[in-house]
Amino acid sequence: MASRSTSSLCTAALLLIMVVSWATSASARNFYQDFDITWGDGRAQILNNGDLLTLSLDKASGSGFQSKNEYLFGKIDVQLKLVPGNSAGTVTAYYLSSNGSTWDEIDFEFLGNLSGDPYILHTNVFSQGKGNREQQFYLWFDPTADFHTYSILWNPQRIIFSVDGTPIREFKNAESIGVPFPKAQPMRIFSSLWNADDWATRGGLVKTDWTQAPFTASYRNFNADNACVWSSGSSSCTSSSSSSDGNAWLSEELDSTSQERLKWVQSNYMIYNYCSDAKRFPQGFPPECTMS
């Protein structure tokens, strides 16, 4: 009797393990589920059962991918390891964008450089087709040596760009002073690796060294669990979504510690800020520049 009972318990335990294992694997996200490779003729690849995506660039072509889903607000992370060595002339872009002539867009662009010289992280925000809101940074680590996490928090009040959890830029909703804010157009995630040696490195003075090709950037651990998927004209987030629903990010803002970290980055690593470029705006800075 005892052996039968033990056998039944073992069978039940084994079934439970199988069910849990199946559920875990079924819920795990991967690049096959979330993205489509859109160009590059085989230069973009999804590897390791969907856990890794690589983009490559050679003299004939770059490559790129886009998300299957559209999003209207979200907290979106990806880990990225940039092109190592002499990456001058190359640009790795990772951004959100809508369609049309009055599109919205939130940009990370990584401008390559000669070996030993730092990458430039270029950020921009477009609303209703208007950009020209560039801020550029050096990074406080080598972004080619390992994977690092690049994040966009986009909610109705603000857009926060972060690197490894450290905020580097905040673009606040300034509709109250007449500045359009991206809040009505769903956006897809796009990424590409391409040749931009007419402008990317030292204003185009340094050209791509094709003897170093192919150039490769690698992606892993995409996460958009905290994002509102837009489908058939409606959002996966309800209008009453709140922190109690696990959607605290929809009203998230920088706390005092994060504000200090933001100031640290901008004091030590920011190399260009459109809100400080008086030559570019002789008639006066854009209105959002007056916001603290």
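Is Glu109 buried or exposed at 14% relative accessibility? Glu109 counts as buried, where buried means under 20% relative accessible area, exposed over 50% and partly exposed in between, using a 1.4 Å probe and protein chains only. Welcome to this predicted model, in which local features need pLDDT of at least 70 and side-chain atom pairs count only at pLDDT 80 or more, while totals for chains, interfaces and linings use all residues. Residues are numbered from 1 along each chain as its sequence is written, and side-chain values use heavy atoms, with hydrogens and water left out.

**Residues annotated as active site**

- The UniProt annotation "active site", from an unreviewed entry, covers Glu105 and Glu109; UniProt positions follow the numbering used here, feature names are shortened, and annotations may be inferred rather than shown by experiment.
- Glu105 is found in strand 7, and Glu109 lies in strand 7 too; helices (H or I, at least four residues) and strands (E, at least two) are DSSP runs, numbered from the N terminus.
- Glu105 counts as buried, at 12% relative accessibility.
- Leaving aside neighbours within four places in sequence, Glu105 is in contact (heavy atoms within 4.5 Å) with Tyr95, Leu96, Ser97, Asn124, Val125, Phe126 and Met187.
- The side chains of Glu105 and Trp103 are joined by a polar contact of 2.8 Å. A polar contact is a pair of N or O atoms within 3.5 Å; within protein, one must be able to donate a hydrogen and the other to accept it, and residues adjacent in sequence count only if both atoms are side-chain atoms.
- Residues up to four places away in sequence not counted, Glu109 touches Val91, Thr92, Ala93, Ile120, Leu121, His122, Trp194 and Trp199.

**Disulfides**

- Searching the whole structure turns up 2 disulfides, a disulfide being a pair of cysteine sulfur atoms within 2.5 Å.
- Cys228 and Cys237 form a disulfide with an S to S distance of 2.1 Å, and both Cys228 and Cys237 are buried.
- The link of Cys228 and Cys237 is left-handed, with -100 degrees about the S-S bond.
- Cys275 is joined to Cys289 by a disulfide, S to S 1.9 Å.
- Cys275 and Cys289 each lie in the segment after strand 16 (270–273), so the pair ties together parts that are 14 residues apart in sequence.
- The disulfide of Cys275 and Cys289 is left-handed because the torsion about its S-S bond is about -75 degrees.
- With the bonded cysteines numbered in sequence order, the pairing reads 1-2, 3-4.

- The loop between strand 7 (105–111) and strand 8 (120–126) holds Asn113, which is buried, with a relative accessible area of 10%.
- Among the residues that Asn113 touches, not counting those up to four places away in sequence, are Gly85, Asn86, Pro118 and Arg202.

**Backbone details**

- Most residues other than glycine have a negative phi, and most peptide bonds are trans.
- A cis peptide bond, with omega about 0 degrees, joins Ala213 and Pro214; Pro214 sits in the loop between strand 13 (188–195) and strand 14 (215–231).
- Asp41, in the loop between strand 1 (35–39) and strand 2 (45–47), has a positive phi near 50 degrees and counts as exposed at 75% relative accessibility.
- Asn132 has a positive phi of about 60 degrees although it is not a glycine, and counts as partly exposed at 42% relative accessibility.
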